[in-house]
Structure formats: C-alpha cells, structure tokens
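Colleague: Before I use the labels in this annotation, I would like to hear what each one rests on. Please take me through them.

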Amino acid sequence: MNDTATPPGRQTRKTTEKPPSGKQRILETAERLFATRGFPEVSAAEIVREAGVAHGLLFHHFGSMESLYAEVSRLAAQRMNEAQEHSFRGRTPRDQVGSFLRAHVKAVKQRQGDALFRARSHNVSINTEIAEIWEASRQQAIGRICAAIGVPEPTRKIRACMRAWIGFHDQLVLAWLADRSVTESEVLELTLRQLDHLASEVLGVELDRGA
C-alpha cells in the first residue's frame with residue numbers, strides 16, 4: 001500500500017489570499033493604460049474589457065472617468081513620493097540631488113504617456129484637480145531637496161526659487177520625452193547646473209561639501 005498521507009508535522013498550506021476586487025482591477029488596469037498612452041486616449045470600454053468587469057462597475061465605484069483618473073493620479077503620486085523619499089543617496093548634497101533626479105526621471109519615463117498629457121493640458125477642464133495632486137508632490141520633493149542641500153526650513157522666497165527650478169527640470173524632461181531635443185544625460189546636467197546657480201546666488205550653500 002502506498003503511503004500518500006502528509007508526513008507528521010507538515011500540513012498542506014491553503015492559499016487564503018483573495019483575488020483582487022473588481023474595483024482594484026479597474027484601478028490597476030486604468031493606471032497601466034493612462035501611464036502608457038495618456039488619459040484622452042483611453043476609453044471606459046477598454047478599461048473594463050481589460051479588467052474583466054462589467055461596464056457599469058467603473059461608474060458605480062468612481063462616478064466618472066475623470067474621477068477614476070484623479071484616483072489613479074493620487075495613487076501614482078503617492079508611490080512616486082515614497083520611492084523618491086529613499087532616493088537621496090551619496091556623499092555630498094550634489095550626489096544626493098543627482099540620485100533623486102535620476103530616480104524622478106526613471107519614474108516619469110515609466111508614466112510617459114500620462115506625463116506628456118499633463119504637461120500639454122493646462123487648459124483642460126479636468127486638469128485642476130490633477131494639477132493640485134502633482135503640485136503637492138512637487139512641494140514634497142522641494143522640501144526633501146532643501147533638507148538634503150542644507151536648507152531644512154526654506155523661506156517662501158527659497159521655495160519660489162526652487163519651484164521655478166523644478167519647472168525648468170520639468171520642461172527639460174518634456175523636451176526629452178516629446179521629441180528628444182535634449183538627451184536624458186543633458187536633462188540631469190542642465191538641471192544640476194541651474195541648481196549650482198541657485199546654491200551660490202540665493203541659497204548660500206555648497207553642493208560639494210562632504211556629508
């Protein structure tokens with residue numbers, strides 16, 4: 001007789017993890033499609049078809065495509081903030097900011113379709129809420145950068161200057177993604193060069209000082 005019983009001390013583990021809900025499948029599918037192609041190029045029909053849910057479920061949970069896009073944007077911004085929080089690595093402030101910038105460029109590249117849409121849609125009616133989500137993310141980044149370079153409590157003037165610097169970086173990233181008029185390495189080089197100017201003329205800090 002073959003002994004096929006489970007040996008003493010060993011028990012078969014049953015999978016208790018629940019499959020993702022319909023709402024979660026919608027969010028995951030929408031995020032992937034928005035990130036790849038941008039909001040205007042994605043339809044509700046495509047999302048529910050790829051998510052494998054009924055068409056009405058999207059509107060039951062989110063009310064509209066615009067609200068779904070806002071929720072996807074909040075989740076994406078939160079993940080980006082968490083990743084960037086741990087990206088400041090290096091011996092000097094310049095090294096740490098450079099590490100942050102590389103992490104940011106990588107994250108934007110992964111959401112290229114959405115990044116291009118947001119950069120080009122300042123006059124779109126749904127853009128206000130989305131702009132607020134991503135502006136809050138930028139302000140968090142500014143706070144972390146200021147701490148890294150030695151300005152832990154930036155004044156309003158410094159925050160305004162750093163916001164302008166972030167805007168300069170955003171435009172370079174857009175040029176890189178849209179038509180490759182600049183290279184990825186030039187995005188990083190030119191962004192850091194502008195920070196050099198701010199550091200010496202406005203912030204009064206040394207980017208190459210040792211940790």
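Colleague: Is the crossing of H5 and H7 right-handed or left-handed?

Modeller: The crossing of H5 and H7 is right-handed. Bear in mind that this is a predicted model.

Colleague: What makes H5 roughly antiparallel to H7?

Modeller: The axes of H5 and H7, the latter spanning residues 127-149, cross at roughly 155 degrees and come within 8 Å. Angles over 145 degrees count as roughly antiparallel, so H5 is roughly antiparallel to H7. Pro93, Gln96, Val97 and Phe100 on the H5 side meet Ala141, Ile145, Ala148 and Ile149 on the H7 side.

Colleague: Why are H6 and H8 called oblique to each other?

Modeller: H6 packs against H8 (residues 156-179) at about 120 degrees, with the axes 10 Å apart. The range for roughly perpendicular is 65 to 115 degrees and roughly antiparallel needs over 145; the pair is therefore oblique. H6 contributes Gln112, Ala115, Leu116, Ala119 and Arg120 to the contact, and H8 contributes Leu174, Leu177 and Ala178. The crossing of H6 past H8 is left-handed.

Colleague: Arginine 118 is found in helix H6. Why is arginine 118 called buried?

Modeller: Its relative accessible area is 16%. Buried means under 20%, so arginine 118 is buried. Alanine 131 is 13 residues from arginine 118 in sequence, and their C-alpha atoms are 7.9 Å apart.

Colleague: How do you know that glutamine 84 is buried?

Modeller: The cut-off is under 20%, and glutamine 84 has a relative accessible area of 3%, so the residue counts as buried. Glutamine 84 is found in helix H4. With neighbours within four places in sequence left aside, glutamine 84 is in contact with Phe100, His104 and Ala141.

Colleague: How many disulfides does the structure hold?

Modeller: The structure holds zero disulfides. Cysteine 146 is in none, and the nearest cysteine sulfur belongs to cysteine 161, 10.0 Å away.

Colleague: Why is the sulfur of cysteine 161 too far for a bond?

Modeller: A disulfide requires sulfur atoms within 2.5 Å. The closest cysteine sulfur to that of cysteine 161 is in cysteine 146 at 10.0 Å, so the distance is too far for a bond. Cysteine 146 also counts as buried, because its relative accessibility is 0%.

Colleague: What is the span of H1 set against?

Modeller: H1 covers residues 22-37, 16 residues, and reaches 22 Å from first C-alpha to last. That is close to the 22 Å expected at 1.5 Å a residue. Glycine 38 follows H1, with a positive phi near 95 degrees.

Colleague: Which residues of H1 are buried, and what covers them?

Modeller: The buried ones are Gly22, Ile26, Leu27, Thr29, Ala30, Glu31, Leu33, Phe34 and Ala35. Their cover includes helices H2 (44-51), H3 (55-62), H4 (65-85), H5 (93-110) and H6 (112-120). An α-helix has 3.6 residues a turn, so residues three or four places apart point the same way.

Colleague: Finally, how many helices and strands are there in the protein?

Modeller: There are nine helices and zero strands, and the pattern along the sequence is α-α-α-α-α-α-α-α-α. Of the 211 residues, 42% are buried. Of contacts between residues at least 6 apart in sequence, 64% join residues at least 24 apart.

Technical notes:
Residues numbered from 1 in each chain as written. Predicted model: local features only at pLDDT ≥ 70, side-chain atom pairs only at ≥ 80, totals over all residues. Heavy atoms only, no water. Helix = DSSP H or I, 4+ residues; strand = E, 2+ residues; numbered from the N terminus. Expected span 1.5 Å × (residues − 1). Buried < 20%, exposed > 50% of the residue type's maximum accessible area, 1.4 Å probe, protein only. Contact = heavy atoms within 4.5 Å. Axes fitted to C-alpha atoms, helices over the stretch in contact; angles between N-to-C directions. Parallel < 35°, antiparallel > 145°, perpendicular 65-115°, else oblique. Left-handed = near helix turned anticlockwise from the far one by under 90°.
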